[in-house]
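Visitor: I would like to learn how to read the features of a structure such as this one, step by step. Could we look at it together?

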Amino acid sequence: MLAGVLEGWQGENSLWRNVALHERLPAEPAVYSELPPELAPQLVKALATRGIERVYCHQREAFELASGGRDLVIATPTASGKSLCYNLPVLQALAEEPQARALYLFPTKALSRDQEVALRSLLQDAGLSHGAITYDGDTPADARRAARDRSGVILTNPDMLHTGILPHHAAWARLFSNLRYVVIDELHTYRGVFGSHLANVLRRLLRVARFHGADPKFIFASATIGNPQEHASRMLGREVSLVDKSGAPKGPRRIIVYNPPVVNAELGIRASYIKTSVRLAADLVSAGVSTLVFGQSRNNVEMMLKYLRERLAREKLDPNTVHAYRGGYLPQERREIERALRDGEIACVVATNALELGIDIGALDAVVCAGYPGTVAGLWQRFGRSGRRGNESLALLVASSAPLDQYFAGTPQSLLGASVEEARIDPDNVEILVQHVKCGAFELPFEADESFGDVPSAVVGDALGFLADHRLLHKVTGANGRAVYHWASDAYPANHVSLRSIGWDNFVVVDLDREAVIAEMDFRSTHTMLHEQAIYQHSGEQYQVEKLDFENHKAFVRKIDSDYFTDAMTHVRVAVLEEEKTAKHGASEQLAISCGEVSVIEKVVGYKKIKFHTHENVGYGDVRLPEMQMHTSSLWLTVPEAVVAAQPVARPEVIDALRGLGHALHTVASVSLMVDPRDLGHTLGDRKDPELPPSKGDVGAPGFDPTIFVYDRMPGGVGLAPRLYDEREELLRRARRLIEACRCELGCPACVGPLAGNVPLQNELPSRRRIAVALLSDLGIGATH
């Protein structure tokens, strides 16, 4: 089936000539080890019922490290059997010690439910009476009591551990006093603010466990990242052993990078990667190849679902064999899709990164990525979803016009050997640390000289003093003469500390005709997708938002037959709060480069109506919603008004070129830091007054010094901006090289971004790209060599 599709593509010259990479990765045999001799007989029997008489070498290594009392992280590719790496030592402990307990943490409810089914089956086959139960917001009250009293393994998520278990640890005494293992799966997802919060939750977990007399060992499991051992050690606050040599077999895989043809050479615009991905996926589905299509956003996923279903219907195939899978779908809807995929009832799923995680969806023959996901790690995580049967599989990347996509389309071999990005956290961020010291004090009183995980007692003491000064803690003298800090407020602190980036509750989407909740949406996405008159897309159908009840977190929608979708327009303002470092750059020292704390204010100001299929803009609308404000860290570059005025072109064109330079800096910063481009934001503003419009007066008048901001998109920041400041000169040189090396005429998405607004093409139109290079020259920035 797959071979026939590939042969058809190769025979279609107009398509195949746009293939930037076609590589066949050979199969790799398994590397086995014998079962550990100390493995309990009932576990040997349970494995035998599954046809497992030997384990992969990395599974044996993980078992030996865990059994030897070591904390460890397993960092092997997707579908390499990481679950057995942590299940075996946990079940061994349960077999040896009936009272033993284990705690499993997963980033999502769906993943914990999926793993619960597999774990319970293994426990039953091993004849172990310890139950395994998922404890989250969907768990009924009677099941919660059973979890506390009888379950040997609790499966939950960091949010539930933070708000529902640790603050009530006295009710969980049986778990904490017998806790032998803590398993943290999908470690690579815990980065930025979420990961920094989790590190502090683990500090609280260890503190509570030791209070109850236990000292659990930790087993982390991660997809491939650049620093798994460092990341796990930072997360736990102590040294962690690494298992990264996989013994799992790999089937042969075809890697294809397809770069859609250029349709506008002047602007460097290529054919729609969305429609190209749909066309290629339709070829696969029509040939009976089970396919997973990854989209970059919820709107893109719904759009591709609609297009795919329409295409299959035209070919007299059942369009209902294609489904979407993304955040916002209700839990039962997602579980039904997962089950249908495993059972082979669905031919194709169009998904966001929700399916990058290790949810068991069975064997798939092809993965189509509509656009580069932002990181090499994310790309290979998606590619790893295909080929789980050991047969030949296809991993296909359809490049968009975005800079990173075009970089890899231009140098596709680099994908095969590219360094994988590192995961970064900052658990000692003062804002985050103080919040968890507060939560920890509610759980157990703090002594004055007590440390908090790997945080020194002096730092903890400062946090305790701050909280006592604000009357949240009460300082008393203990029996040993040392100061003890007790929680002194009526408030319940964990409820007011969100582990995620945005701390507000989800909105529910209510269908007015059916009077039923059909979906849910996070706070930030509500602003762009559920404003009034927005077209909300769900399972390939269109709903118009009739009313957004912001106070009660409800969006009321009505199903309509629309030939357009909506795309929100967001305005960003940045204001400098504190300048921490600054330096002058260039021979004349005209360019000021600074780093510090900023306030970022985002506001959805309107929306565009985009026609399906043609993607032409057919109208606009206003949006009136509150602003979203965030404090974070930023790098900023201030260009003096004198330099702007000295350019031989009109001022608006210089400003537009500076916007383009910001676009290029954002691209090279993402590559340099090896982070997802969505982790960084960029905008053009004024360092002095964010409200002030660009001045049109003389150079000597009070000026608008244009300022390019490149900021950390995580509240509080996770250290990206200071790293950019340290590499500022190299970043500028790389940005110039990126712009100069581009083959476009006027500026394109791959260098300085598309032209702002609907500017008509004319021969005399100045090149945005050339103006940006001239500005860099005037500022003394040369290209890197």
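Visitor: What covers the buried residues of α11?

Guide: Bear in mind throughout that this is a predicted model. As a general idea, an α-helix has 3.6 residues a turn, so residues three or four places apart point the same way. In helix α11, residues 228–236, the buried residues are P228, H231, A232, S233, M235 and L236, and their cover includes β4 (72–75), α10 (192–211), β9 (217–222) and β10 (241–243). Just after α11 comes G237, which takes a positive phi of about 85°.

Visitor: In what order do the strands of the open sheet stand, and is the pairing parallel or antiparallel?

Guide: Strands of a sheet pair through backbone hydrogen bonds, either parallel or antiparallel. Here 7 strands, in the order β6-β7-β5-β8-β9-β4-β10, form an open sheet with parallel pairing. The edges are β6 (131–134) and β10, each of which has a single partner strand, so that one side of each lacks a neighbour in the sheet. On average, and with direction ignored, neighbouring strands of this sheet are turned by 15° against each other. Within it, β5 (residues 101–105) and β8 (residues 179–184) run parallel and are joined by 5 bridges, and Y104 has V183 in β8 as its bridge partner.

Visitor: Which strands does α4 lie across, and how does α4 pack with α5?

Guide: Two packed helices are described by the angle between their axes and the distance between the axes. Helix α4 (residues 57–67) packs with helix α5 (residues 82–96) at an angle of about 40°, the axes being 8 Å apart, which makes α4 oblique to α5. The crossing of the two helices is right-handed. To the contact α4 contributes H58, Q59, A62, F63 and A66, and α5 contributes L84, C85, L88, P89 and Q92; these residues divide into 7 nonpolar, 3 polar and no charged. As for the sheet, α4 lies across β4, β8, β9 and β10, and runs at about 160° to β10.

Visitor: Why is strand β22 largely enclosed by the rest of the structure, and which strands does β22 pair with?

Guide: Strand β22 (residues 507–511) is largely enclosed because 4 of its 5 residues are buried. With β23 (residues 516–521) β22 runs antiparallel, joined by 5 bridges, and V510 has V517 as its bridge partner there. These two strands form a hairpin with 4 residues between them, and in the turn E515 has a positive phi of about 55°. With β26 (residues 554–560), β22 pairs in the parallel sense over 4 bridges, V509 standing opposite A555.

Technical notes:
Residues numbered from 1 in each chain as written. Predicted model: local features only at pLDDT ≥ 70, side-chain atom pairs only at ≥ 80, totals over all residues. Heavy atoms only, no water. Buried < 20%, exposed > 50% of the residue type's maximum accessible area, 1.4 Å probe, protein only. Pairing = 2+ DSSP bridges. Axes fitted to C-alpha atoms, helices over the stretch in contact; angles between N-to-C directions. Parallel < 35°, antiparallel > 145°, perpendicular 65-115°, else oblique. Left-handed = near helix turned anticlockwise from the far one by under 90°. Contact = heavy atoms within 4.5 Å. Nonpolar A, V, L, I, M, F, W, Y, C, P; charged D, E, K, R; others polar.
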